[in-house]
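I opened my notebook to look up a few things in this structure. Here is what I jotted down, entry by entry.

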Amino acid sequence: MPPPVCSAGKAFLLSELSERELVQGCLDADRRCQELLYARYARRMYAVCLRYARHELEAQDLLQEGFIRVFDKLSGFRLQGSLEGWIRRIMVHTAINTYRKKSFQQERFGLEHLPEEPVESVALDQLGEQEVLKLVSALPEGYRAVFNLYAIDGYDHAEIAEMLGFGESTSRSQLAKARRMLQQRLNDITLPVHAGKTPH
Amino acid sequence: MQERHPIDEQFRKALANAEAAPPPSVWAGIAAAQEKRRRAAGWRWYIMAGSVLVGGLAIGIASYLGSSDPEHHTLERPRSKVLPAASSEGGAPLIAESTVTASSNGDQAIVTTAVGVDQVLGSNTDDVANAFEHPTLETGTLLPSTSGSRTGVENSIALTQHPAATVPVRASSPLRATSSPATQPPVPEGVVDITSAGTERSEPALMDRERLDLLNPVLNIGLSAAAPHGVTLPRYHVPHGEWWLGATVGTNQSRTSWQGTDEDLANALEQGEGSLGQFVWGLAAGRQWRSGFGISTGVMTDRMERPFRHVAVDRTTTVREENYYVTLNNEVFLSNVDTVVTTTTKETVTQGVDRRSTIRIPLMGHWRTEWRRWAFGARTGLALELTRTEAGPALTRIADGTVGAARLTRAQRAERYPATVLGVVGLDLAYRLHEHWSLEAGYVAMPGAMSLSDRGPVQALTTRHGAEFRLIIHLPTRP
């Protein structure tokens, strides 16, 4: 089958389309450009959604709602920064908005007794992305949101407090508890590894 | 800068670029939501365009059929220094005729109203001065040995521009731009069917989206990069072109040339009417193809009002000889002959308001080329112009066969303004404000091509040129 050729005689591959062309196409509501944009960024954004969601179904809802917002707000993207970063911010805000709609109650898991030990770098290196994602997803809702925002997405406590609607001190304490919980679970996983057992 | 916690750093490194495959159902949901919004948006544009069309037509029809009640028009008072204009009765257009009459009766001349004595000629200048002051020159005096002659009638026409005839152009509301097209090479039309397996084929074209010039590279892309996992992409329909609706305002200068069997009247009419500025407005609709060519039609209307004032100057010259004899013993001792020439001027003022409204229906072909948001193009075609007149004063053949002013009925005036065909040529410059909105400015010239009727001694053929501004709605094509 001959390669698809445009009227100018040059074949174009999907991968050759620049961000600008993609954005222009989406602004004109061209469905194939939207599909291409989705195909290009869906996998990374789904990972972002998995970090913020409690389970996969919720992550899928976040991804769908986030991309609908991306297409709606694309006219506001000035083509000056990274398109991926812009989409990621929309995904994060979509997740946070969803989180705020829920009635959030402070969750307590007896974290005061968690050990404050350093995490060996080997621990995470030995885990795959999916396992690390599951670790984060398994955090209680409030901790998960704060940890994701602060540790991975780079927001500071003032921004987190404003986004989530509580004080900075709450953000700090939630982050500390999230760290301790992750540390404990990492230890649970890595100990069998060090003992020569296969992690489950 | 605050040092990052080791756990934070570990997780950030592990998850910053993490990827996971979403299920196909996610894209299906996004596509369905987008389709729903697109359909809703499409209906919204159709409703808006329909509202503009209906509103514009209503305004145009109301204007065209507007009241002919002239009471609200202010007429200019005559400026004759001799004869004040008669006032109109019952609100009818004012036609004032002076009561001055002059008659010649054999060797007697009766001047009922002496409007003015322009010159006195005599064979003896000393006596002329005496004769000028002679009491027999008073109005109504019967003079012996007098011969009168009418030296001619002079007509003068004074047409002044009524302030109400000048209407300011209203600018369109600015709109915010959100998208910009770019010029790209043309793309073969057809349906591109994209599937997850990466095949592409063409089928008969169906309409989907119109503004796709900038997407041309996309229309020809290969599919090696593939769609999301497991997603079957729907067919994409390559459009042919787009429909548009526009609201137009502008000004044009019109000049009427007169033709017909009565050349004297046609010349008088042509000299009496200068160039006239008018405010025009209307609606247009058309289709633009991706090749750059397009067609359009619509309706344009304007309404003209201007005061009409005609002053007919009638000069009557009377020549009188007075003989004086001094006799002595039946012999003429002394004789003297005085020749007195008296010119009487009569001014007849006819005035009123000349009102006409026109509707033009153009049929034009367009070509345009685009660069980013800008488009430059030209158009040419024909326009049918229909004129609706109202009763009013105009130059015509009066009772004595000369060209003068009189009040004509609507039917009499309508004969002079038959349906005509105008040629149309123009240049356009357009700016795309938004995906669905454009603002267009252009210069258009419409030379009168032909009159569709030869009834009556004279027919008008109007030539126009001027600027037009158009706000355009590009209609989205329904899936």
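**Entry 1: a helix residue in chain A**

I started with A:Arg88, which lies in helix H4 of chain A; helices (H or I, at least four residues) and strands (E, at least two) are DSSP runs, numbered from the N terminus. I noted that this is a predicted model, where local features need pLDDT of at least 70, side-chain atom pairs count only at pLDDT 80 or more, and totals for chains, interfaces and linings use all residues. Residues are numbered from 1 along each chain as its sequence is written, and chains are lettered from A and ligands numbered from 1 in the order in which they are written.

Not counting residues up to four places away in sequence, A:Arg88 touches A:Met45 and A:Val48; contact means C-beta atoms, placed from the backbone, within 7 Å.

**Entry 2: helix H4 itself**

I checked the length of H4 (residues 83–101) of chain A: at 1.5 Å a residue, its 19 residues should span 27 Å, and its end C-alpha atoms are 27 Å apart, which agrees. The expected span is 1.5 Å times one less than the number of residues. Among the buried residues of H4(A) I listed A:Trp86, A:Ile90 and A:Tyr99. The buried residues pack against helix H2 (31–52), helix H3 (56–73) and helix H7 (141–152) of chain A.

**Entry 3: a strand residue in chain B**

I then moved to B:Ala375, in strand S11 (residues 374–389) of chain B. B:Ala375 counts as buried because it has 20 C-beta neighbours inside 10 Å. Which residues does B:Ala375 contact, leaving aside neighbours within four places in sequence? I found B:Arg368, B:Thr369, B:Glu370 and B:Ala430. B:Leu429 is 54 residues from B:Ala375 in sequence, yet their C-alpha atoms are 5.8 Å apart.

**Entry 4: chain B as a whole**

I counted six helices and 17 strands in chain B. Of its 479 residues, 32% count as buried. Among contacts in chain B with a separation of 6 or more, 75% join residues 24 or more positions apart.

Note on methods:
Buried ≥ 20, exposed ≤ 12 C-beta atoms within 10 Å, placed from the backbone. Contact = placed C-beta atoms within 7 Å.
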